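Work through the exercises below with the model open. Each task is followed by a solution in steps.

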Amino acid sequence: MSKLKKEYTIKIDNYKITFETKPKNVAIKRALVKALWNSPPSTIHRLMDAITNNGSKIVSDTASYQKLGNIMRGEKFIHVVSTTTIKGVHGSTYESYSYKLNHDFIKLEMIT
């Protein structure tokens, strides 16, 4: 484990999930892991809705699309699984990414 990173653990269902990350924005990262745990690939808009509606007050007060995008691009435990081209308002287009947990970077322990 890197000196700049720490391990964080959360409980989801009957599992103890541990992931390694930098200490900044840990509440948002925990909310992301919970939102992506058993979900199909999700866009940033769906994830923002999930973490602000089901997350803590800290998450809903501090989360933004920019911050969420930066977090997801910088973490190994979240990865892009697909892209979709979306047509904008005035004929422009942009890429929308769908994200999923990368379980290779998550430690999982069954709680009995």
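**Exercise 1. Strand pairing**

Find the bridge partner of Ser42 in E5. Then describe how E3 and E4 each pair with E5.

Solution. This is a predicted model.
- Step 1. Ser42 has Tyr99 as its bridge partner in E5.
- Step 2. Ser42 lies in strand E3, residues 42–43, and two bridges join E3 to E5. These strands run antiparallel.
- Step 3. Turn to strand E4, residues 78–87. E4 and E5 are also paired in the antiparallel sense, over nine bridges. One of the pairs is Ile78 with Leu101 of E5.
- Step 4. Look at the link. Five residues lie between E4 and E5, which form a hairpin. In the turn, Gly91 has a positive phi of about 85°.

**Exercise 2. A serine in E5**

Is Ser98 buried or exposed? List what Ser98 touches, leaving out residues up to four places away in sequence.

Solution. 
- Step 1. Locate Ser98: strand E5.
- Step 2. Check the accessibility. The relative value is 11%. The cut-off for buried is under 20%, so Ser98 counts as buried.
- Step 3. Collect the contacts. Ser98 touches Pro41, Ser42 and Thr43, and also His79, Val80, Val81 and Ser82.

**Exercise 3. The nonpolar core**

How many residues does the largest nonpolar core have, and which have the most contacts inside it? Which helix gives the most to this core?

Solution. 
- Step 1. The largest nonpolar core has 26 residues. Leu32 and Leu68 have the most contacts inside it.
- Step 2. Find the suppliers. At least two core residues each come from strands E1 (6–12), E2 (15–21) and E5 (93–101), and from helices H1 (26–36), H2 (44–54) and H4 (65–74).
- Step 3. H1 gives the most, with six residues.
- Step 4. Follow Leu68. Beyond four places in sequence, Leu68 touches Ile28, Leu32, Ile44, Leu47, Met48 and Ile51.
- Step 5. In soluble globular proteins, nonpolar side chains tend to be buried together.

Terms used: Residues numbered from 1 in each chain as written. Predicted model: local features only at pLDDT ≥ 70, side-chain atom pairs only at ≥ 80, totals over all residues. Heavy atoms only, no water. Core = buried A, V, L, I, M, F, W, Y, C linked by side-chain atoms within 4.5 Å. Buried < 20%, exposed > 50% of the residue type's maximum accessible area, 1.4 Å probe, protein only. Helix = DSSP H or I, 4+ residues; strand = E, 2+ residues; numbered from the N terminus. Contact = heavy atoms within 4.5 Å. Pairing = 2+ DSSP bridges.
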